[in-house]
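Subject: Structure for you to look at

Hello,

Here is the structure I said I would pass on. Please open it and keep it in view while you read the notes below.

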2 protein chains.
Amino acid sequence: MDHRLRLRRIGIDTYQEPVLYLRSDSHACRSEGFESRSRVKVMLDGKSLLATLNVVTGDLIGYDEAALSDYAWQQLGARAGEHITIAHPDPVVSESRLRAKVYGERLSEADMGAIVEDIVQGRYSELQIAAFITAAAGRGLDAGETLALTRAMIDTGERIQWPYPAVADKHGIGGLPGNRTTPIVVPIVAACGIPIPKTSSRAITSAAGTADTMETLTRVDLDVAHIRRVVERELGCLAWGGAVRLAPADDLLIRVERPLDFDSDAQVVASILAKKAAAGVTHLVIDMPVGPTAKVRSGAAMRSLANSLESVAGALGMQIQVVQTDGAQPVGRGVGPALEARDVLAVLQNTPGAPADLRERALALAGAVLELAGAAERGAGLGRARSVLQEGRAWRKFQSICEAQGGLRMPPRAPHTHVVLAAAAGRVAAFDNRRLGRLAKLAGAPRAPAAGLDLHARVGDAVVAGQPLFTLHAEAPGELAYALQYLAAQTGIVAVAPGQ
Amino acid sequence: MDHRLRLRRIGIDTYQEPVLYLRSDSHACRSEGFESRSRVKVMLDGKSLLATLNVVTGDLIGYDEAALSDYAWQQLGARAGEHITIAHPDPVVSESRLRAKVYGERLSEADMGAIVEDIVQGRYSELQIAAFITAAAGRGLDAGETLALTRAMIDTGERIQWPYPAVADKHGIGGLPGNRTTPIVVPIVAACGIPIPKTSSRAITSAAGTADTMETLTRVDLDVAHIRRVVERELGCLAWGGAVRLAPADDLLIRVERPLDFDSDAQVVASILAKKAAAGVTHLVIDMPVGPTAKVRSGAAMRSLANSLESVAGALGMQIQVVQTDGAQPVGRGVGPALEARDVLAVLQNTPGAPADLRERALALAGAVLELAGAAERGAGLGRARSVLQEGRAWRKFQSICEAQGGLRMPPRAPHTHVVLAAAAGRVAAFDNRRLGRLAKLAGAPRAPAAGLDLHARVGDAVVAGQPLFTLHAEAPGELAYALQYLAAQTGIVAVAPGQ
């Protein structure tokens with residue numbers, strides 16, 4: 001049976017979990033047996049979604065009223081006073097396949113398609129999505145399942161077609177703080193006449209994603225029409241992928257993956273390739289940093305992930321090249337959206353003292369893209385990329401791209417900083433990338449764009465006691481204090497070996 | 001930094017997930033960088049808990065106010081107008097071990113202890129508990145991890161000591177609808193002079209647990225002192241385990257496991273044995289129904305689970321006997337709390353027509369308990385149990401136990417019923433226990449105690465077209481309709497083979 005209830009706006013933001021609020025003594029609760037945490041189908045003007053019920057035990061809303069969390073309100077395009085209809089949800093058939101996967105069975109292409117479709121349609125609770133992510137974690141999905149997940153992600157979203165014979169792209173596997181090469185690679189490649197319509201993600205488990213960094217410099221929440229206009233004019237763009245419905249399943253998985261702070265090879269492969277395939281990419285270079293505290297920790301892990309990427313890309317008809325890079329320490333100096341943007345500008349503007357490691361990594365990747373896409377002979381890509389940067393053509397192209405996206409602006413600076421000093425003399429032996437990233441996150445990154453940390457030393461540098469190792473940046477004093485509290489409980493985030 | 005906020009009661013029931021509500025423009029949110037779904041430490045009068053933040057975007061609460069979900073309110077013993085203090089939570093150290101487990105590493109006893117302690121202390125979000133359950137599902141934990149999980153569950157709760165040399169108990173592995181032997185076994189064993197302080201769980205993924213069934217007959221939410229008084233007087237009790245803090249980690253896992261609808265061998269073993277060890281049990285008989293749609297589906301699965309139970313029980317110094325029983329079809333006639341209670345009463349009262357299968361299973365298990373605990377010679381347990389039942393001593397003991405718990409009452413009857421008829425003549429070939437249980441749950445069981453279904457045929461019975469196969473019972477018309485809608489989409493829940 002369906003029940004009609006008048007909508008009241010109460011303004012509760014539950015992030016992306018749709019929540020319905022009903023009184024415990026309402027007719028709907030009593031006659032349908034709904035209770036807290038029941039899954040309820042909510043319908044309004046032909047739209048519907050599944051919401052999790054929170055029962056109102058006080059007089060927050062009336063007996064014949066219902067309220068929605070802000071996300072559910074937006075999804076349904078609701079207005080106060082309108083009437084929603086609620087009902088028991090239809091049984092979710094793919095749940096039994098999720099259960100089978102958790103117990104160790106293999107998912108067929110049809111199973112995976114059904115699960116991803118149900119996730120995109122909002123039929124899975126966050127607990128169920130957490131179970132799916134956990135079951136897929138590590139090496140939980142085989143090659144066929146990974147391809148099926150990728151195809152299902154492509155099929156459940158929009159696709160962009162381009163009028164170019166080759167469409168290039170570059171993707172960096174996360175886990176290496178400050179590895180912000182994309183905003184340098186894109187203008188170099190575009191300046192060489194190769195289309196590179198780059199859409200980037202926000203940070204998942206790191207202190208900054210390329211979209212977070214670019215957002216401190218220009219507008220990134222572009223829709224498909226806007227991306228198309230930018231690319232038609234400049235051949236390149238630097239947009240956030242989330243405002244486009246390319247592989248929306250990926251974003252739904254990431255919203256649960258993020259608080260859990262883990263992912264899987266299969267999900268990394270599907271996440272990368274589904275977004276690229278949906279964006280019309282034909283030639284893709286992947287930067288894979290390998291190091292003891294990077295996301296990819298060993299040559300074996302690198303080869304396993306590269307094989308999976310190459311196999312799925314091949315099945316999708318995409319040309320791909322995986323470039324192994326050094327993941328031993330952060331790249332550049334800044335870690336955090338605005339601090340990384342500052343390093344990017346220094347490289348693009350050929351500023352004296354610009355981080356050489358960031359520049360050389362970006363040039364190598366740009367060279368690989370130019371060779372893969374046929375804009376440079378084998379072995380000549382790096383040289384071509386370097387001259388485009390040195391001649392200022394990359395910086396001019398970057399400015400043009402930002403203008404087309406909505407205007408170039410300067411990244412913000414944090415009002416609260418704290419300099420962390422070397423306790424004793426010695427030589428910098430190692431950085432713990434994972435804990436450095438966590439420290440930058442505790443200081444507020446990426447939500448607070450100016451937050452993060454600025455490194456003053458590199459592996460191999462000799463330091464004296466009292467010499468600055470890095471500076472913490474925060475937008476709020478509470479966050480600075482929280483990061484310092486974490487830091488006080490840690491040893492070895494920056495390992496300094498004694499002696500000179 | 002800590003922030004003080006005045007508490008306002010808004011009356012939102014989020015089930016057992018503690019939720020904190022703060023305004024988005026509050027000082028606490030802005031200076032600490034809290035956002036929706038942040039984990040926040042909430043302190044009041046020396047008590048504290050971790051809550052999930054929901055940000056209030058309207059004017060539901062004031063700028064310097066905070067609200068709590070009903071569960072968090074109760075946990076803190078809050079009163080309106082009191083001031084809470086909030087802060088960033090301390091980093092949860094065991095999270096990195098959970099992540100390692102998800103990626104396939106083994107957990108040490110210390111790791112498992114830390115994870116279970118953090119779960120009991122409310123430091124894990126429900127998403128993280130879902131990840132732990134999923135990683136443990138199937139055969140995710142080895143023997144050592146299972147023992148470590150069991151020990152950690154015992155160590156994080158209360159323990160009951162008894163002044164008896166032997167304390168017996170009986171446990172049934174779920175998955176077989178209507179297998180409600182406990183309320184028959186307990187009075188038989190107690191009548192023979194063996195202490196059997198039974199605490200039972202509510203349903204996890206089934207339509208009724210023993211606690212749900214007993215609650216339709218007497219009070220079951222007894223604290224330890226009350227259980228002790230009942231057992232001192234009657235030697236047996238039939239209480240709900242959840243009102244006692246025996247192995248509370250188990251209940252916290254179950255609250256997430258229930259909506260996910262899956263569990264693991266390791267968790268089943270730890271759940272059973274931790275509760276029993278904490279309750280002071282020394283001699284335990286386990287009823288393990290095996291059948292194609294029971295929880296344990298094959299002899300191999302039975303032996304694997306039995307080995308794990310015996311190995312962990314041995315390490316804990318508990319004597320245990322696993323009894324394999326037939327799991328091919330439901331036991332008795334009723335499925336659902338009150339309908340199963342009716343069958344139990346019929347057996348105890350020696351009513352003509354009482355379900356013989358339920359009686360014989362209960363007698364066999366009671367006999368095994370009597371033998372294991374030394375109250376009957378090997379081979380003589382069944383005979384002794386039968387005479388105790390036939391002489392009415394079991395029924396008198398059951399009545400005394402219920403009186404000691406708070407009085408015996410009669411189970412409720414459902415106002416809405418629907419008889420499901422055989423479509424064609426034939427012979428009943430099989431019942432799908434899992435889908436029968438799901439049907440009873442859709443009709444409202446176990447939350448609606450009178451809901452469920454009543455079987456009118458057994459495997460092997462000949463039926464004619466139009467003959468009743470079973471009757472659906474519901475407390476609400478919406479639930480009856482929902483169950484019928486599910487039924488209409490299914491075939492083979494009761495398989496009838498054509499012909500006579």
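This is a predicted model: local features need pLDDT of at least 70, side-chain atom pairs count only at pLDDT 80 or more; totals for chains, interfaces and linings use all residues.

In chain B, strand S1 (residues 3-8) is joined to strand S6 (residues 65-68) by three bridges, and these two strands run parallel. Leu7(B) is the residue that stands opposite Ala66(B) in S6(B). Strand S3 (residues 19-23) of chain B is also joined to S6(B) by three bridges, but here the strands run antiparallel. In that pairing, Leu22(B) stands opposite Ala66(B).

The contact between the chains takes 54 residues from chain A and 54 residues from chain B. On the side of chain A that touches chain B, the elements that give two or more residues include strand S2 (12-13), strand S5 (47-56), helix H3 (95-102) and helix H5 (126-136) of chain A. H5(A) gives the most to this side, with seven residues. By class, the side of chain A that touches chain B has 26 nonpolar, 17 polar and 11 charged residues. Of the interface residues of chain A, 100% are also interface residues in chain B, so the copies meet through the same surface.

Strands also pair across the two chains. S2(A) is joined by two bridges to strand S5 (residues 47-56) of chain B, and the two run antiparallel. To find the place, look for Asp13(A), which stands opposite Val55(B) in S5(B).

Within chain B, look at helix H3 (residues 95-102) and helix H5 (residues 126-136). Their axes come within 9 Å and cross at roughly 40°, and the crossing is left-handed. H3(B) makes the contact with Leu98(B), Lys101(B) and Val102(B), while H5(B) makes it with Gln128(B), Ala131(B), Phe132(B) and Ala135(B). By class, this contact has five nonpolar, one polar and one charged residues.

Now the domains of chain A. Chain A is divided into domain 1 (3-87), domain 2 (91-156 + 245-270), domain 3 (168-241 + 279-405) and domain 4 (416-498). The C-alpha centres of domain 3 and domain 4 of chain A lie 26 Å apart. In chain A, 25 residues of domain 3 are in contact with 20 residues of domain 4. Which elements give two or more residues to the side of domain 3 of chain A that touches domain 4 of chain A? They are helix H8 (210-215), strand S13 (334-335) and helix H13 (337-348) of chain A. The largest share of that side, three residues, comes from H13(A). By class, that side of domain 3 of chain A has 12 nonpolar, nine polar and four charged residues.

Last, a sheet in chain A. This is an open sheet of three strands in the order S17-S15-S19, with antiparallel pairing. Its edge strands are S17 (462-463) and S19 (494-498) of chain A, each of which pairs on one side only. Strand S15 (residues 426-431) of chain A pairs with S19(A) in the antiparallel sense over five bridges. Arg427(A) stands opposite Ala497(A) in S19(A).

Regards

How values were computed
Residues are numbered from 1 along each chain as its sequence is written. Chains are lettered from A and ligands numbered from 1 in the order in which they are written. Domain bounds come from an automatic or database domain assignment. Two residues are in contact if their C-beta atoms, placed from the backbone, lie within 7 Å. Helices (H or I, at least four residues) and strands (E, at least two) are DSSP runs, numbered from the N terminus. Ala, Val, Leu, Ile, Met, Phe, Trp, Tyr, Cys and Pro count as nonpolar, Asp, Glu, Lys and Arg as charged, and the others, Gly among them, as polar. Two strands pair if DSSP finds at least two bridges between them. Axes are lines fitted to C-alpha atoms, for helices over the stretch in contact, and angles run from 0 to 180 degrees between N-to-C directions. A crossing is left-handed if the near helix is turned anticlockwise from the far one by less than a right angle, and right-handed if clockwise.
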